[in-house]
Every structure is written in structure tokens, then in C-alpha cells.
Amino acid sequence: MKKSIFLKFFGKEIKSSQIRHICDNSKKITPNSIFFARQGVNGHGNDFVDHKLANTARAILSSKKQKVHAKNFYYIKNLEIKLLGFLYEYWNISINTKFFGITGTNGKTTTAFILYQLLKSQGKNVIYIGTIGAIINSRWHKVINTTPGLF
């Protein structure tokens, strides 16, 4: 399945049998990972692409052309537009999945936790992520960031 997903979304054939990890953080690249070089708040993922990273990653898919020449580097026009559909399919997430984000100055944790409990009591499959941690499959997990990254 994953072999054709790269062709479907990005027009590039990448052998999925050798892919172990996908990420958009250069610090998390492992051998046979796919690195998505994207625009961040303070820079672009391309800023971290060097020969060592290019030799470690299985492929680098970037929203911007690169100065480091590597056979596994692919410029993808409109990468950001294509990425969400790719991630839904890659992780096998139903397009009908609903995500709720709560913003504001006060009461986010309480509101999110009450919403979690309400939906859980309705028999819904629910995940909570907030300042007190994350609840996934009724198990508590520590979190570093209350706003998880896209990957």
C-alpha cells in the first residue's frame, strides 16, 4: 500500500518496504526515513539538509528547491496542500475523523477534559491531549508539547 501512496500524492515512486519512519524534524531522521522539508516558524527544513542527512534519509521531499544535490532529494510543488491527504492515508485515518482545538486564555484544559469525558461517555473513540498529558486508549501519557506536530 505505502509503495503507491508516494506516487499517488507526490508523483514519486519510493520503495515502502525500506521505509521505517516519516518526519518533518531533521533531528528525528533515522536510516530509511522519509524527511519532509517544510517551512517552519524560524526557517525551512532545507536549512538542515546536508550531505550527512541526505545519506541517512531514504528520501527528502521538500516544498522548496535545494542547494545540496542528492539523488534522493525531491522538490514537490504544493507539498503542503498534498501532505494532509497523504498523512490521513499513510496512518489510515478516516477522513471522517474530527479534530477539535480549544484556544483562549483560561479554561482550555478544563474544557478539553470535560469534552473528552462527555464524548467518552457517549461511546466515542476519543483522544485527549492537553497540559496535563495525553489520554490514548484510556492510558495516560506524558507530553512535551500540548500542541502536537503534524506528524
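**Exercise 1. Decide whether S33 in this predicted model is buried or exposed.**

Solution. 
Step 1. Take the relative accessible area of S33, which is 0%.
Step 2. Compare this value with the cut-off: a residue counts as buried under 20%.
Step 3. S33 is therefore buried, because its relative accessible area is 0%.

**Exercise 2. Describe the surroundings of S33: which strand holds S33, which residues does S33 touch, and which backbone oxygen lies 2.4 Å from a polar atom of its side chain?**

Solution. 
Step 1. List the contacts. Leaving out residues up to four places away in sequence, S33 touches H21, A57, R58 and A59.
Step 2. Look at the polar atoms. A polar atom of the S33 side chain lies 2.4 Å from the backbone oxygen of T30.
Step 3. Link the contacts to the next exercise: A59, one of the residues touched by S33, is part of strand β3 (residues 59-62).

**Exercise 3. Trace the pairing from β2 to β3 and from β3 to β4, and state which residues of β3 are buried on each side.**

Solution. 
Step 1. β2 and β3 run parallel and are joined by four bridges. Within this pairing, F36 has L61 of β3 as its bridge partner.
Step 2. Follow the chain between these two strands. From β2 it passes through helix α2 (residues 51-56) to β3, and this β-α-β crossover is right-handed.
Step 3. Continue to β4 (residues 73-75), which is parallel to β3 and joined to it by three bridges. Here Y75 of β4 stands opposite S62.
Step 4. Sort the residues of β3 by side. In a regular strand, side chains alternate between the two faces of the sheet. In β3, A59 and L61 lie on one side, I60 and S62 on the other. All four are buried, and both faces of the strand are covered.

**Exercise 4. Work out the order of the open sheet of three strands, name its edge strands, and say which strands helix α4 lies across.**

Solution. 
Step 1. The strand order is β5-β6-β7, and the pairing is antiparallel.
Step 2. β5 (128-130) and β7 (139-141) each pair on one side only, and are the edge strands.
Step 3. From one strand to the next, the twist averages 15°.
Step 4. Examine one pair. Three bridges connect β5 with β6 (residues 133-136) in the antiparallel sense. In β6, A134 is the bridge partner of I129.
Step 5. α4 (residues 108-121) lies across β5, β6 and β7, and runs at about 170° to β5.

How values were computed. Residues are numbered from 1 along each chain as its sequence is written. This is a predicted model: local features need pLDDT of at least 70, side-chain atom pairs count only at pLDDT 80 or more; totals for chains, interfaces and linings use all residues. Side-chain values use heavy atoms; hydrogens and water are left out. Two strands pair if DSSP finds at least two bridges between them. Axes are lines fitted to C-alpha atoms, for helices over the stretch in contact, and angles run from 0 to 180 degrees between N-to-C directions. Contact means heavy atoms within 4.5 Å. Buried means under 20% relative accessible area, exposed over 50%, partly exposed in between (1.4 Å probe, protein chains only). A polar contact is a pair of N or O atoms within 3.5 Å; within protein, one must be able to donate a hydrogen and the other to accept it, and residues adjacent in sequence count only if both atoms are side-chain atoms. A crossover is right-handed if, with the strands pointing away from the viewer, the path from the first strand over the helix to the second runs clockwise.
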